[in-house]
Amino acid sequence: MKKLKMEKWLIGVYALIVLMCIIIYFATESIILLALGFIALLGTGFQFLRYWNAKKEVNQS
């Protein structure tokens with residue numbers, strides 16, 4: 001159960017990083033921040049998959 005909470009918490013962290021990158025991009029118009037935001041968005045997707053697999057594992061036990 002502790003792993004499940006940590007995976008869920010990390011989804012929020014990645015989502016905040018994406019929002020931060022987008023906000024800074026609009027403030028500075030630096031294209032590198034848009035690229036970093038996209039990479040963080042991919043990280044959010046992978047983290048969601050890890051959370052989904054951990055949730056399945058807990059339900060099977």
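Arg 50 is partly exposed, its relative accessible area being 47%; here buried means under 20% relative accessible area, exposed over 50%, and partly exposed in between, with a 1.4 Å probe and protein chains only. The residue lies in helix H2, where helices (H or I, at least four residues) and strands (E, at least two) are DSSP runs numbered from the N terminus. The model is a predicted one, in which local features need pLDDT of at least 70 and side-chain atom pairs count only at pLDDT 80 or more, while totals for chains, interfaces and linings use all residues. Residues are numbered from 1 along each chain as its sequence is written, and side-chain values use heavy atoms, with hydrogens and water left out.

Because Arg 50 lies in helix H2 and Glu 7 in helix H1, the pair ties together parts that are 43 residues apart in sequence. By this rule the count comes to one salt bridge. The two partners can be set side by side: Glu 7 counts as buried at 4% relative accessibility, whereas Arg 50 counts as partly exposed at 47%. Leaving aside neighbours within four places in sequence, Glu 7 is in contact with Gln 47, Arg 50, Tyr 51 and Ala 54, contact meaning heavy atoms within 4.5 Å.

The overall architecture can be described briefly. The protein chain has two helices and zero strands. Its C-alpha trace spans about 50 × 15 × 10 Å along the principal axes. The radius of gyration is 14 Å, while a compact globule of 61 residues would have one near 10 Å; this quantity is taken over C-alpha atoms, and the globule rule is 2.2 Å times the number of residues to the power 0.38. Of the 61 residues, 23% count as buried. Among contacts between residues at least 6 apart in sequence, 63% join residues at least 24 apart.

Helix H1 covers residues 2-28, and its 27 residues should span 39 Å at 1.5 Å a residue, which agrees with the 39 Å between its end C-alpha atoms; the expected span is 1.5 Å times one less than the number of residues. The buried residues of H1 are Leu 4, Glu 7, Ile 11, Val 18, Cys 21 and Tyr 25, and these pack against H2. Helix H2 has 30 residues and reaches 44 Å from its first C-alpha to its last, close to the 44 Å expected at 1.5 Å a residue. Its buried residues are Leu 33, Gly 37, Ala 40, Gly 43, Thr 44, Gln 47, Tyr 51 and Ala 54, and they in turn pack against H1.

At 61% relative accessibility, Glu 29 counts as exposed. Further along, Asn 59 is in helix H2 and counts as exposed at 60% relative accessibility. Asn 59 and Lys 8 are 51 residues apart in sequence, yet 16 Å apart in space, C-alpha to C-alpha.

The protein chain exposes about 5000 Å², of which carbon and sulfur atoms supply 73%; accessible areas come from the Shrake-Rupley method with a 1.4 Å probe, and for residues only the protein chains shown count as cover. A nonpolar surface patch is formed by Ile 32, Leu 36, Phe 38, Ile 39, Leu 41, Leu 42, Phe 46, Phe 48, Leu 49 and Trp 52, with about 1100 Å² of accessible area together. Patches are made of residues with over 30% relative accessible area and no salt bridge, joining like charges within 9 Å and nonpolar side chains (Val, Leu, Ile, Met, Phe, Trp, Tyr) within 5 Å. One of the patch members, Phe 48, lies in helix H2, residues 31-60, and counts as partly exposed at 46% relative accessibility.

Notes: Salt bridge = Lys/Arg side-chain N within 4 Å of Asp/Glu carboxyl O.
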